[in-house]
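Q: I'd like to learn how to read a protein model. Can you walk me through it, one feature at a time?

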Amino acid sequence: MALKYNKATTFLVVSLAMIAALLEGSTAQSTVHVVGDAMGWVVPPGGATVYSNWAASNTFKVNDVLVFNFTTGRHDVAQVTKAAFDACNTASPISRQTNSPANITLSSAGEFYYICTFTGHCLAGQKLAINVTSGASSPAPTPTPTPAAPTPTPTPTPTSSPPPTPTQTPAPTPTTSSPPSPPIPTPTSSPPPSTAATPSSTPSPDGGGATTPPPSGNSAKSLGVALSSTFLAIFVALLY
């Protein structure tokens, strides 16, 4: 029983410590801004630039608090649009507080405009414009990444194939052929016409008729061979 009680007590203490830490962290993240510092919320002696310079010297984040200190019944603070701020139009404010001090929590980021609705105060410079950022108190919105432009796929350039080189067929080399040698005619040896030797009778000195004998057969053959050799020599000479 005691063990259960101790566990419950420990759990409660730890929970309270965590809640206190969260509250402390939340309080530490917010900043209280006293508008105009020691001067407070009044008609500024230097005109509208007094509150413009004060706003430029401060950083406003979400969950920060604006404190307007003024004399109740002589001033007030009203939140207006930018158009009403520029024109000092007090007709339809977004919100209005008449009691001092007026505490305004900056619950969102953006531009906010405040004026005093008493006659002539805004025109005399009792007006404040601030820009509230998300800061550390509120996580900044994650920007949507811009998709990268697709890289164009290069279109392959068609490569023109060189025209096929025509294969040159070598011209046939003319073959020089020697003209055929004319056939060598075989000389036909014609036997020379036989001349019939007419026997002549030579009278003998003594008055008797003597007969001269005809030439011998060997002499005729020798004449035929000589003629054949002559014709052959002439034919060979004509060939060359």
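**Reading the sheet and the cores**

A: Let's start with a pair of strands: strand 1 and strand 3 pair in the parallel sense, over 3 bridges. Keep in mind that this is a predicted model.

Q: What holds strands of a sheet together in general?
A: Strands of a sheet pair through backbone hydrogen bonds, and the pairing is either parallel or antiparallel.

Q: In which sense do strand 3 and strand 6 pair, parallel or antiparallel?
A: Strand 3 and strand 6 run antiparallel, with 4 bridges between them. Leu66 turns up again, and its bridge partner in strand 6 is Ile104.

Q: In what order do the strands of this sheet come?
A: The order is 1-3-6, in an open sheet of 3 strands with mixed pairing. Strand 1 and strand 6 (102-105) are the edge strands, as each pairs on one side only. On average, neighbouring strands of this sheet are turned by 20 degrees against each other, ignoring direction.

Q: Are the faces of strand 3 covered or open?
A: Both faces are covered. Val65 and Val67 are buried on one side, while Leu66 and Phe68 are buried on the other.

Q: Which residues have the most contacts inside the largest nonpolar core?
A: They are Trp41, Leu66, Phe68, Tyr114, Leu128 and Ile130, in a core of 20 residues. Helix 2, strand 3, strand 6, strand 7 (110-115) and strand 8 each give two or more residues to this core. Another core, of 7 residues, lies apart from it and includes Ala84, Phe85, Cys88 and Tyr113.

Q: What is Phe68 in contact with, leaving aside its neighbours within four places in sequence?
A: Quite a list! Among the contacts of Phe68 are Val35, Trp41, Val77, Ile104, Tyr114 and Leu128.

Q: Now for a helix. Which residues of helix 2 are buried?
A: In helix 2 (residues 49-56), the buried ones are Tyr51, Trp54 and Ala55. They sit on the same side of the helix because they cover an arc of only 95 degrees around the axis. Over on the other side, Asn53 and Ala56 are exposed.

Q: What do the buried residues of helix 2 pack against?
A: Their partners are strand 1 (32-34), strand 2 (60-61), strand 3 (65-68) and strand 8 (127-133).

Terms used. Residues are numbered from 1 along each chain as its sequence is written. This is a predicted model: local features need pLDDT of at least 70, side-chain atom pairs count only at pLDDT 80 or more; totals for chains, interfaces and linings use all residues. Side-chain values use heavy atoms; hydrogens and water are left out. Buried means under 20% relative accessible area, exposed over 50%, partly exposed in between (1.4 Å probe, protein chains only). The arc is that of the directions from the helix axis to the C-beta atoms. Contact means heavy atoms within 4.5 Å. Two strands pair if DSSP finds at least two bridges between them. Axes are lines fitted to C-alpha atoms, for helices over the stretch in contact, and angles run from 0 to 180 degrees between N-to-C directions. A nonpolar core is a set of buried Ala, Val, Leu, Ile, Met, Phe, Trp, Tyr and Cys residues joined through side-chain atoms within 4.5 Å.
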